[in-house]
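I opened my notebook for this one and worked through it topic by topic. Here are the entries, for anyone who would like to follow along.

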Amino acid sequence: MLAVFGGEVVGVPAELVAAGSRTPSPKTRASELVTRFLGSSEPAVSMQLADLGHLAYSHTNQALLRPRSFAAKDEIFCLFEGVLDNLGRLSQQYGLSKGANEVVLVIEAYKALRDRAPYPASFMLSQLAGSYAFVLFDRSTSSLLVASDPEGKVPLFWGITADGCVAFSDDIDMLKGSCGKSLAPFPQGCFYSNTLGGLKCYENPKNKVTAVPANEEEICGATFKVEGSTVLTSLGGDLRV
């Protein structure tokens, strides 16, 4: 899966900028990254969100226990990869039918988070049990929410393209050609929100998330860690709206 957003949506992480400047390497523009993803992942679905961002996904080469899915509802768009072990219980809690899947559940959980303010994101995300990573964009408020499961069972990476966009993907090889060293694993047990204070740990909301520069020979330029924990090293058709 691939999600790319411009600087008006995502605050470009200073740590990734610094990592790319410390060890410069070739980059490409966001549009080239999207084109390369679509060309290498056929058949793929692509959705452009006006000038704000681009979402794309494919079932090509997906892992059996990490299926990818996409849903859109009420101007909310979500890419989801993985499975939730407590999907049935959460579906009942949010008033969904038995046939609801993970991506629909995440959209409904986000709507509760948005509409019941102040409703902590850490509480909503800590309810999700399983292996997952997702990227959700609410176009009505230009809000972005990205999260990874506490054990990092579904790999997720983020980086900065040549034209300053922030890209998220489960494929590190896809990103490294466009982001150079401005690339890092997305920290497990954490979320990024452009409206809720940036990058935070939902398992330990009071603990700060910081970046550690990587060695020059490593693919990524930085690794994020949560204070009080060990360094995270886990790597593990076209629509316009």
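**Entry 1**

I started with Arg-66, which is partly exposed at a relative accessible area of 27%. My scale for this: buried is under 20% relative accessible area, exposed is over 50%, and partly exposed is in between, with a 1.4 Å probe and protein chains only. Before going on, I noted that this is a predicted model, where local features need pLDDT of at least 70 and side-chain atom pairs count only at pLDDT 80 or more, while totals for chains, interfaces and linings use all residues. Residues are numbered from 1 along each chain as its sequence is written, and side-chain values use heavy atoms, with hydrogens and water left out.

Which side chain does Arg-66 meet in a salt bridge? I found Glu-81, at 3.3 Å from N to O. I call it a salt bridge when a side-chain nitrogen of Lys or Arg is within 4 Å of a carboxyl oxygen of Asp or Glu. This pair links distant parts of the chain, since Glu-81 sits in strand E5 and Arg-66 in the loop between strand E3 (53–58) and strand E4 (68–73), 15 residues apart. My helices (H or I, at least four residues) and strands (E, at least two) are DSSP runs, numbered from the N terminus.

**Entry 2: other salt bridges**

My search of the whole structure gave 11 salt bridges. One of them joins Glu-151 and Lys-153, at 3.6 Å from N to O. Glu-151 counts as exposed at 54%, and Lys-153 as partly exposed at 43%.

I also looked up Lys-176, which forms a salt bridge with Asp-173, the closest N and O atoms being 3.1 Å apart. Both residues lie in helix H6 (residues 172–179), three residues apart, about one turn of the helix. I then found that salt bridges with shared partners join Arg-66, Arg-68, Glu-81 and Asp-170 into one network.

**Entry 3: strand E6**

Is strand E6 enclosed or open? All nine of the nine residues of E6 (residues 130–138) are buried, so the strand is largely enclosed by the rest of the structure. Gly-130, Tyr-132, Phe-134, Leu-136 and Asp-138 point one way, while Ser-131, Ala-133, Val-135 and Phe-137 point the other way.

Next I checked the neighbours, taking two strands as paired if DSSP finds at least two bridges between them. Strand E5 (residues 76–84) runs antiparallel to E6, and nine bridges join the two. Val-83 has Ser-131 as its bridge partner in E6. E6 also pairs with strand E7 (residues 143–148), in the antiparallel sense over six bridges. Here Val-135 stands opposite Val-146 in E7. The hairpin of E6 and E7 has four residues between the strands, and in it Ser-142 takes a positive phi near 55°.

**Entry 4: helix H1**

In helix H1 (residues 14–22), I listed Leu-16, Ala-19 and Gly-20 as buried. They cover an arc of only 95° around the axis (taken from the directions from the helix axis to the C-beta atoms), so they are on the same side of H1. The face turned away from that buried side carries the exposed residues Ala-14 and Ser-21. The buried residues of H1 pack against strand E8 (157–160), strand E10 (183–185) and strand E14 (222–226), where contact means heavy atoms within 4.5 Å.

**Entry 5: nonpolar cores**

I define a nonpolar core as a set of buried Ala, Val, Leu, Ile, Met, Phe, Trp, Tyr and Cys residues joined through side-chain atoms within 4.5 Å. The largest has 32 residues, and those with the most contacts inside it are Phe-5, Leu-144, Trp-158, Phe-168 and Phe-186. E6 gives the largest share of this core, three residues. Apart from it lies another core, of 30 residues, among them Ile-76, Leu-84, Leu-96 and Ala-112.

**Entry 6: cysteines**

How many disulfides are there? I counted zero, using the rule of a pair of cysteine sulfur atoms within 2.5 Å. The sulfur of Cys-179 has its closest cysteine sulfur in Cys-165, 9.7 Å away, too far for a bond. For Cys-220 the closest is in Cys-179, at 10.0 Å, also too far for a bond. Cys-179 is buried at 0% relative accessibility, and Cys-220 is buried at 6%.
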